[in-house]
Amino acid sequence: MSNTFFYIFPNENFIDLSMYQYGYEQCTPGHSFGPAVRNHYLFHYVISGTGTLMADDSKGETQTYHIKSGQGFLIFPGQITTYFADITIPWEYTWIEFDGLRVKEILALTELSLNSPVYRPRYKDLREQMMNEMLYIVHHPKETPFHLIGHLYLFLDYLTQSMRITGPVQSSKMSDFYIKEAINYIEQNFQNNISIEEIADLCGINRSYFGKIFKKSIGRSPQEFLMNYRMVKAAELLKLTSLSIAEIGSAVGYENQLHFSRAFKTVYGISPREWRVQNK
């Protein structure tokens, strides 16, 4: 039986979250990969053994990380990395390469970054469930794309939950009800000229308190969430339609094309026109 499994995901039509390749390997002593640059996010989870990751940080300086079983590491798009198995106790790992319009939003719930790429879970049970989801995907390559994407969502849920400082979200506080109401309202009305005051009024609380509980729960302000949600929808339209930039801006709540382009560049780092060229 082979000690390596590797598969290419067959479908690229998923926008919010997609998978590119996934696999498993029991590495030989000293086995290495790199230096290399990835186009998408690539997460490795170390099942057993140890190894070393060398990765460029946000300043382009190479940092070295020693990683053991029960930990993992995330490689970011465009980041130069090299990683190799220990000579004495080589690592065994599973991996998933993924990307999508919602990935930055999901990863914002973790502590993973270019300057902190090592996965150090706080909850063993959730860590193991995350590993099980990764291995499920690896061992079920013939399942439908929708089925595998469903397990990719579960993997990311366990990834974020296992790193939470406060533990898994199990609260049923009134503030959680307000947040759900606010998010539902944004999802149904993002294309309209809505304001944060309007959303707070809908919840029956003042704007200051609403902003405080929203940021504490979601990790970003209501304004940031609304803008990001609109830009996710704009990116979908840029990729899937031939609407003009002005028409897309209007469709996501921006009547002023300049204001829309500025907001889009804030979220994605490039103009809507550039993004469309790169992703068509």
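Strand 5 and strand 6 form a hairpin with 5 residues between them, and Gly60 in the turn has a positive phi of about 80 degrees. Strands here are DSSP runs of E, at least two residues, and helices are runs of H or I, at least four, numbered from the N terminus. This is a predicted model: local features need pLDDT of at least 70, side-chain atom pairs count only at pLDDT 80 or more, and totals for chains, interfaces and linings use all residues. Residues are numbered from 1 along each chain as its sequence is written, and side-chain values use heavy atoms, with hydrogens and water left out.

Strand 5 (residues 50-56) has 5 of its 7 residues buried, so the rest of the structure largely encloses it. Buried means under 20% relative accessible area, exposed over 50%, partly exposed in between, with a 1.4 Å probe and protein chains only. Strand 5 pairs with strand 6 (residues 62-68) in the antiparallel sense over 7 bridges; pairing requires at least two DSSP bridges. Met54 stands opposite Thr64 in strand 6. Strand 8 (residues 80-85) also pairs with strand 5 in the antiparallel sense, over 5 bridges, and there Phe84 is the bridge partner of Thr52.

Next, Ser18. Where does Ser18 lie? Ser18 is in strand 2 (residues 18-26), and is buried, at 2% relative accessible area. Leaving aside neighbours within four places in sequence, Ser18 is in contact (heavy atoms within 4.5 Å) with residues including Phe9, Glu97 and Asp99.
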